[in-house]
Structure formats: structure tokens, C-alpha cells
Amino acid sequence: MASVSQLTAGRPAPAAPRPAAGAATALASSHALELRGVSRRFGALRAIDDVSLQVAAGERRAILGANGAGKTTLFNAITGDFPPTDGQVLFFGEDVTELPPYERIRRGLRRTYQSSLLFGQLTVRDNLFLAVRGIGRNRYALRRASASHSSRIATEELLDRVRLSHIADTPVSSLAHGQQRQLEIGMALAGAPRLILFDEPAAGLAPGERHELVALLRALPRHMGFVLIEHDLDIALRVVEQVTVMHNGRVLKSGPPEAIENDAEVQAIYMGSDLG
Ligand SMILES: Nc1ncnc2c1ncn2[C@@H]1O[C@H](COP(=O)(O)OP(=O)(O)O)[C@@H](O)[C@H]1O
Ligand SMILES: [Mg+2]
């Protein structure tokens, strides 16, 4: 596998002229997210290849696919961490393809990562407080009492939402794996997210922890859509209303969970069979 350090996150110059950034903004879209022919190459490798999909506002969508199918790369293209080499990303109708990640965050896009990005020495509460302050307008006015007060209220609400109030004062380094995953979700919920991308939040969890995670995701506010990368078909099918299956960097199939579950091609992939 190529080393990440050999590659730059910069976006190569597009091969074809692209419409001006504001051009698509005028076209109203009811979709939270729309990908139009999105590709990301790493050297000769097409990690994702001509992916088009739409996620409605408030929709809960799972992305399934084997290791290396391109799921995380798809998230990186959406958030701008590794921008697409081709195609367009629209967020609530606005073309954000050229925007840096923080501008997408400002517009209400959030994500979690496959590997943890928590502050291990700080408590659960302090991690959440930092997330709240990082998002808030007054993040540089640390000494303003009123701003601090509303941040503290928001922090307590988040603690409650991700069911970690009982261990709010515990340092993150001594949390169980599942509790860390819950906290990461809490961090992504800070501010006013309009769409959250969860990258395999259930990976490596014990059965009881998975149960807790499923309950947490199901209890998120209905207006807050999310896209969930999940390896375990059973978990995905309990949490979402639409499923997209990726294979070799492309969309193999999209549909409601029942249809995907009973699809012969999808079953073949999950059984590890050759698709031919
Ligand atoms: N930063 C990178 N540099 C080089 N290759 C990468 C990079 N990120 C992903 N890839 C490659 O792209 C393909 C898809 O990877 P990824 O999106 O991580 O898959 P998934 O999340 O579905 O397991 C893999 O072949 C992977 O090795
Ligand atoms: Mg991945």
C-alpha cells in the first residue's frame, strides 16, 4: 500500500474547466448531499471512480463495502480532507468542491474518523467543551462569561445525548473503547450539524457496546441526517433507511435495506465470492 506521506492532499489542477464555484448555488436542491461523478485518484489508483449519489435532507444512509472499496476516500472527498480529482460535491445545493474543510464544517458538515482524535489526558466533559467552543462564534472570547455559560449548557446537553454524563469527569484515556466512540459522536454533534459522516463507529466494539451505539444513532434528532460507513450489515440495516454498496471504488447498488439485504450480487460480495 502506498504511504500517505508520499502523497499530498492538494487537489491537482482539473483536466477540464469547471463551472465557477457559485454557479451551482443558484440551482436549488432538496438534497443534503449530492455527488456528481466524483473520483479520487492516488497516482494510478482510482480509489473512487465516477461516484454519483444523492442523500436527502434528514436521510440516514449506510455505505457498505469490503475493505479498500473506497468508503473512507468517499468521506474525504465530501469533507475536503482529500478533495476529489474529478466531479462535484454539493452540500444543500451549494457547490463546495473547492472549499477547504473548515468552510464545509461552517456550513454544518461533520465527520468522525476511523481512528480516534480525542484528547486522552482531558476528561470527557472537557473534550466536549472544546468541541463546543471550537464551533462557537465566540471561540476567541474565552473570558466572556455569558458565552462560556451557554457553551457549558451545550456541553451538558451533549453529555446527556451521548449517554456519558455518569463519567463526565473521567479522563478519556481510561474509557472503554465503546465509550470513546460515543464521545467522538458527541464531538461531531457540537454546533449545529446538518449532516454527519460516521466512519465505522462500531468497528472493534463488543456486542453490548454495539447495542449502545445503535441506540445512540437511532436516537439522534430526525432532522440531522447522517451517512454511516459500516462493515456489519446487521447494524447498518437497523439504523438507516437507504443503503449504498461500494465495490472497487464504484457504486454497485443503492436501495432500501430490505432490497440490499436480499440482493444476490451484494450477498456474493459479503460471502467473499467472485462477482465474475
Ligand atoms: N491517502 C492515500 N494514499 C494512497 N492510497 C490511498 C489513500 N487513501 C486510500 N487509499 C487507497 O484507496 C483505496 C480505498 O481505500 P479506502 O477509501 O480507505 O477504503 P475503505 O474505507 O472502503 O476500506 C485503497 O486501495 C487504499 O489503499
Ligand atoms: Mg475506511
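This is a walk through a predicted model, stop by stop, with something to select at each one.

**Start with the whole chain.** Show everything as a cartoon: the protein has 9 helices and 10 strands. Of its 276 residues, 38% count as buried. Take contacts between residues at least 6 apart in sequence, and 67% of them join residues at least 24 apart.

**Stop 1: the six-stranded sheet.** Colour E6, E7, E8, E3, E9 and E10, which line up in that order as an open sheet with mixed pairing. At the edges you'll find E6 (109-111) and E10 (250-255), each pairing on one side only. Going from one strand to the next, the twist averages 20 degrees. Strands like these pair through backbone hydrogen bonds, either parallel or antiparallel.

Now go to the E10 side. Select 242-247, which is E9; this strand runs antiparallel to E10, and 5 bridges join the two. For a landmark, pick Val243, which stands opposite Gly255 in E10.

**Stop 2: the helix across the sheet.** Select 71-79 to bring up H1, which lies across E3 (60-64), E6, E7 (195-199), E8 (225-229) and E9. Its direction makes an angle of about 150 degrees with E7. Is H1 enclosed or open to the outside? It is largely enclosed by the rest of the structure, because 9 of its 9 residues are buried. Show the side chains and you'll see that this buried set includes Leu74, Phe75 and Ile78, but also Lys71, Thr72 and Asn76.

Stop 3: Nonpolar side chains in soluble globular proteins tend to be buried together. Here the largest nonpolar core has 62 residues, and the ones touching the most other members are Val89, Leu128, Leu228 and Ala236. Where does this core lie relative to the two domains? Colour domain 1 (21-108 + 192-276) and domain 2 (117-191) separately: both give residues to the core, so it lies between them.

Zoom in on Leu228. Leaving out residues up to four places away in sequence, Leu228 touches Ala62, Phe198, Ala236, Val239 and Val240.

**Stop 4: the E1 pairings.** Select 31-42 for E1, which pairs with E2 in the antiparallel sense over 8 bridges. His31 stands opposite Ala56 in E2. There are 2 residues between the strands of this hairpin, where Gly43 takes a positive phi near 60 degrees.

E1 has another partner to look at: E4, again antiparallel, over 5 bridges. To find your place there, select Arg36, which stands opposite Gln88 in E4.

Stop 5: Asp50 is not a glycine, yet its phi is positive, at about 55 degrees. With 15 other C-beta atoms within 10 Å, Asp50 is partly exposed.

Finish at Phe92, in the loop between E4 (86-91) and E5 (94-95). Phe92 isn't a glycine either, and its phi is about 45 degrees, on the positive side. How many other C-beta atoms lie within 10 Å of Phe92? There are 19, which leaves Phe92 partly exposed, since a residue needs 20 or more to be buried.

How values were computed: Residues numbered from 1 in each chain as written. Chains lettered and ligands numbered in written order. Predicted model: local features only at pLDDT ≥ 70, side-chain atom pairs only at ≥ 80, totals over all residues. Pairing = 2+ DSSP bridges. Helix = DSSP H or I, 4+ residues; strand = E, 2+ residues; numbered from the N terminus. Axes fitted to C-alpha atoms, helices over the stretch in contact; angles between N-to-C directions. Contact = placed C-beta atoms within 7 Å. Core = buried A, V, L, I, M, F, W, Y, C linked by C-beta atoms within 7 Å. Buried ≥ 20, exposed ≤ 12 C-beta atoms within 10 Å, placed from the backbone. Domains from an automatic or database assignment.
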